[in-house]
Amino acid sequence: MWRSPRATDLVQLARVIGDIVVTIKDDNLHGLKLMVLQPLAPDGSAVGRTLVAVDAVGAGVGETVFFVRGKEASFPFYPTEVPTDAGIVGIVDEIDVGPA
C-alpha cells in the first residue's frame, strides 16, 4: 500500500511541472537549473505539495524524475556546497509496479 513520503525517505518520484528563472541567487547555484516538482505515488498520481529542486541530470518539464531531500540533495555537486534540500538525481524511463 502506498504511503505518503517522509523527509527520511531517500528517493522519491516526481513529475517536473515547471522551471524557475531567477536573476539573483546564491553564488553556488549559478549555472544550475531550478525545477518545480510534483511528488508522485507509484501509480503516477499526484501526492503532496509541490517543491523546488536543483537539477543534477538535465531533466525537462513533463519528465518523471527521482529526487532526494536533505543533505544528500547537494551530493551530486560536490565539492561545491550547493544550498539545497531537494535535488533531482535521475530521470525515470519506465515504472513497473508489481503486486504488493
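**Figure 1. Pairing of strand 2 with strand 3.** Met 35 has Ala 53 of strand 3 as its bridge partner. Strand 2 (residues 33-39) and strand 3 (residues 51-55) run antiparallel and are joined by five bridges. Strands are DSSP runs of E, at least two residues, numbered from the N terminus, and two of them pair if DSSP finds at least two bridges between them. The model is predicted: local features need pLDDT of at least 70, side-chain atom pairs count only at pLDDT 80 or more, and totals for chains, interfaces and linings use all residues. Residues are numbered from 1 along each chain as its sequence is written, and side-chain values use heavy atoms, with hydrogens and water left out.

**Figure 2. Strand 4 and its two partners.** Phe 67 of strand 4 stands opposite Gln 12 and also opposite Ile 88 in strand 5. Strand 4 pairs with strand 1 in the antiparallel sense over four bridges. Five bridges join strand 4 to strand 5, again antiparallel.

Figure 3. Five strands form a closed barrel in the order 1-2-3-5-4, with mixed pairing. On average, neighbouring strands of this sheet are turned by 55 degrees against each other, direction ignored; the axes are lines fitted to C-alpha atoms, and angles run from 0 to 180 degrees between N-to-C directions. The protein chain has zero helices and five strands, giving the pattern β-β-β-β-β along the sequence.

**Figure 4. The largest nonpolar core.** This core has 11 residues, among them Met 35, Ala 53, Phe 67, Ala 86 and Ile 88. Strand 1 (12-20), strand 2, strand 3, strand 4 (64-69) and strand 5 (86-91) each give two or more residues to the core. A separate second core of six residues includes Leu 32, Val 54, Phe 77 and Val 82. A nonpolar core is a set of buried Ala, Val, Leu, Ile, Met, Phe, Trp, Tyr and Cys residues joined through side-chain atoms within 4.5 Å; buried means under 20% relative accessible area, computed with a 1.4 Å probe on protein chains only.

**Figure 5. Surroundings of Ala 86.** Leaving aside neighbours within four places in sequence, Ala 86 is in contact (heavy atoms within 4.5 Å) with Leu 51, Val 52, Ala 53, Val 54, Val 68, Arg 69 and Ala 73. Over the protein chain, residues 24 or more positions apart account for 55% of the contacts with a separation of 6 or more. Buried residues make up 35% of the 100 residues in the protein chain.

Definitions and conventions. Buried < 20%, exposed > 50% of the residue type's maximum accessible area, 1.4 Å probe, protein only.
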